[in-house]
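Good morning, colleagues. Please have the sequence and the structure in view.

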Amino acid sequence: MPFSPDDLSAIWLTLKLATLTTALLLVLATPLAWWLARTTSRWRAPLGAVVTLPLVLPPTVLGFYLLVTLGPHGWIGQLTQFLGLGTLPFTFGGLLLASLIYSLPFAVQPLQNAFEAIGPRPLEVAATLRATPLDAFFTVVLPLSRRGFVTAGILTFAHTVGEFGVVLMIGGNIPDKTRVVSTQIYGHVEALAYTQAHWLAGSMVLFSFVVLLGLSLLNRRHTRVMP
Amino acid sequence: MPVSFRRLVQLATVATAGLSGLCQAAEVSVAVAANFTAPMQKIAVAFEQDTGHKAVLAFGSTGKFYAQIRNGAPFHLLLAADDETPAKLDKEGLTVPGSRFAYAIGTLVLWSAQAGLVDKQGQVLRTGHFERIALADPKLAPYGAAAVETLTRLGLLPTLQSRFVQGENIGQTYQFVATGNAALGFVALSQVMVDGRITRGSAWQIPADLHTPIRQDAVILSNAKDNAAAAALAAYLRSDKARAIIRAYGYAL
């Protein structure tokens with residue numbers, strides 16, 4: 001067996017984290033991306049920049065601020081304690097929140113691009129056919145932006161699987177709760193368990209390659225269908 | 001104002017002295033165990049003033065440094081958090097033979113940023129209502145291993161294990177406790193001691209008989225064979241001046 005029980009639990013936890021993050025982000029990012037694609041508000045540029053921030057910030061910056069604001073003396077920490085939820089660092093919920101922030105641009109940007117590509121015309125047509133805006137969104141926008149959703153989902157999932165720095169800073173390396181594949185690999189390498197590190201690290205390389213290959217095949221098929 | 005001949009000679013003398021100083025001064029790159037961060041920063045300043053050599057410091061976990069050194073990291077001197085790692089490097093022929101010595105004996109402390117949480121007998125471990133207790137990863141950090149040994153001897157490991165949060169090294173463990181994210185944790189006395197006193201929060205100094213002594217060894221690495229600064233720093237660590245700094249941070253010697 002190339003994977004120890006600890007490794008398997010880390011793999012399972014990583015998949016759980018990435019799946020939940022992807023599902024939640026697709027729901028949360030859709031209205032945000034829609035607004036960014038449509039609005040003429042002067043808040044568009046600043047908000048767009050905020051959404052993109054996690055893409056360029058070092059994970060240590062995110063991890064540091066999360067640790068401080070989610071901790072018992074931080075304002076979010078005070079809020080969660082007031083609500084009886086305790087504090088979030090070192091919990092799965094904390095990792096999930098961190099992943100939502102960390103992967104936000106990977107969900108919003110493909111969606112925003114897809115929505116922008118549709119343009120106002122199909123919606124105007126739908127309106128003349130007496131479709132309510134919500135109707136039009138589900139029957140016109142969603143099918144037309146399917147590729148954007150697939151791209152957003154795959155990128156978010158893959159990016160969350162690859163998360164490391166933030167987890168290291170707010171995770172606390174707890175089995176079954178915050179010990180994900182990337183931190184498990186780090187632990188193996190530091191403990192000089194190179195064989196185990198190779199198995200996990202090699203699996204990550206293979207996984208990432210398959211994801212990117214799939215994404216590029218998907219995009220090519222679409223561009224061929226739509227000349 | 002015409003520049004006098006004497007003035008020129010003075011300038012030339014100063015310049016030559018400066019240059020020759022530069023030629024003799026060397027740079028030593030040191031891998032320092034995270035628990036020794038604060039004393040080493042002080043020692044490095046004193047070392048540079050006293051010898052003219054320059055010490056470039058990198059802080060981290062001993063386990064990581066070991067892996068990096070085995071894979072060709074350009075460090076000249078290792079100040080480990082244990083005595084096993086330098087011994088292993090010795091055996092693998094990655095050191096200057098005979099250069100190994102103990103530079104400090106570490107002291108483990110149970111510490112909380114909250115005043116009054118940790119009592120002087122450590123009863124808080126049995127009775128305290130805390131959600132999380134931080135320690136360094138026992139697989140990677142000697143202070144973490146000592147913490148687990150202490151809890152095992154006290155018979156508390158089974159009850160407390162589920163509340164563990166592990167720092168990657170003792171520096172991160174301290175940060176978990178200092179930010180209040182863990183109510184208390186096992187850290188190095190050197191991290192909470194300033195000028196011989198614990199100035200913040202509450203602490204229980206773990207009695208030395210509860211765990212194997214944390215003997216911290218230093219060793220000169222083989223790529224520093226001809227580095228004068230590495231030998232100078234190794235000697236400097238054993239000087240009275242350095243020892244006084246080390247003791248002020250709560251290490252035994």
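How many residues does the contact take from chain A and from chain B? The contact takes 18 residues from chain A and 17 residues from chain B, where two residues are in contact if their C-beta atoms, placed from the backbone, lie within 7 Å.

Before going further, a word on conventions. This is a predicted model, in which local features need pLDDT of at least 70 and side-chain atom pairs count only at pLDDT 80 or more, while totals for chains, interfaces and linings use all residues. Residues are numbered from 1 along each chain as its sequence is written, and chains are lettered from A and ligands numbered from 1 in the order in which they are written.

On the side of chain A that touches chain B, α3 (59-70) and α10 (181-190) of chain A each supply at least two residues; helices (H or I, at least four residues) and strands (E, at least two) are DSSP runs, numbered from the N terminus. The largest share of that side, three residues, comes from α10(A). By class, the side of chain A that touches chain B has ten nonpolar, seven polar and one charged residues. Here Ala, Val, Leu, Ile, Met, Phe, Trp, Tyr, Cys and Pro count as nonpolar, Asp, Glu, Lys and Arg as charged, and the others, Gly among them, as polar.

Chain A itself has eleven helices and zero strands. Its C-alpha atoms fill a box of roughly 65 × 45 × 25 Å along the principal axes. Of its 227 residues, 36% count as buried, meaning that 20 or more other C-beta atoms lie within 10 Å of the residue's own; 12 or fewer make a residue exposed, and anything in between partly exposed, with C-beta atoms placed from the backbone. Among the contacts in chain A with a separation of 6 or more, 71% join residues 24 or more positions apart.

Next, confidence. The model scores ipTM 0.74 and pTM 0.79. Chain B has a mean pLDDT of 89, with 91% of its residues at 70 or more; pLDDT is the predictor's confidence in each residue, from 0 to 100.

I turn now to the domains of chain B. An automatic or database domain assignment divides chain B into domain 1 (5-105 + 214-248) and domain 2 (108-205). Their C-alpha centres lie 30 Å apart, and 15 residues of domain 1 are in contact with 15 residues of domain 2. On the domain 1 side, the elements giving two or more residues are α2 (37-51), β2 (54-60) and α3 (62-70) of chain B, and α2(B) gives the most, with three residues.

The largest nonpolar core has 81 residues, and those with the most contacts inside it include Leu77(B), Val109(B), Tyr143(B) and Val177(B). Such a core is a set of buried Ala, Val, Leu, Ile, Met, Phe, Trp, Tyr and Cys residues joined through C-beta atoms within 7 Å. Helix α10 (residues 228-237) of chain B gives the most to this core, with six residues. Both domains of chain B give residues to the core, so it lies between them.

Val177(B) belongs to helix α8 (B), where it is one of the buried residues. Eight of the nine residues of α8 (residues 170-178) of chain B are buried. After α8(B) comes Gly180(B), with a positive phi near 80°.

Helix α4 (residues 84-91) of chain B has Thr85(B), Pro86(B) and Leu89(B) buried. They cover an arc of only 100° around the axis, which puts them on the same side of α4(B); the arc is that of the directions from the helix axis to the C-beta atoms. Their cover includes α3, β3 (77-79) and β12 (214-220) of chain B.

Phe75(B) and Asn223(B) are 148 residues apart in sequence, yet 7.7 Å apart in space, C-alpha to C-alpha.
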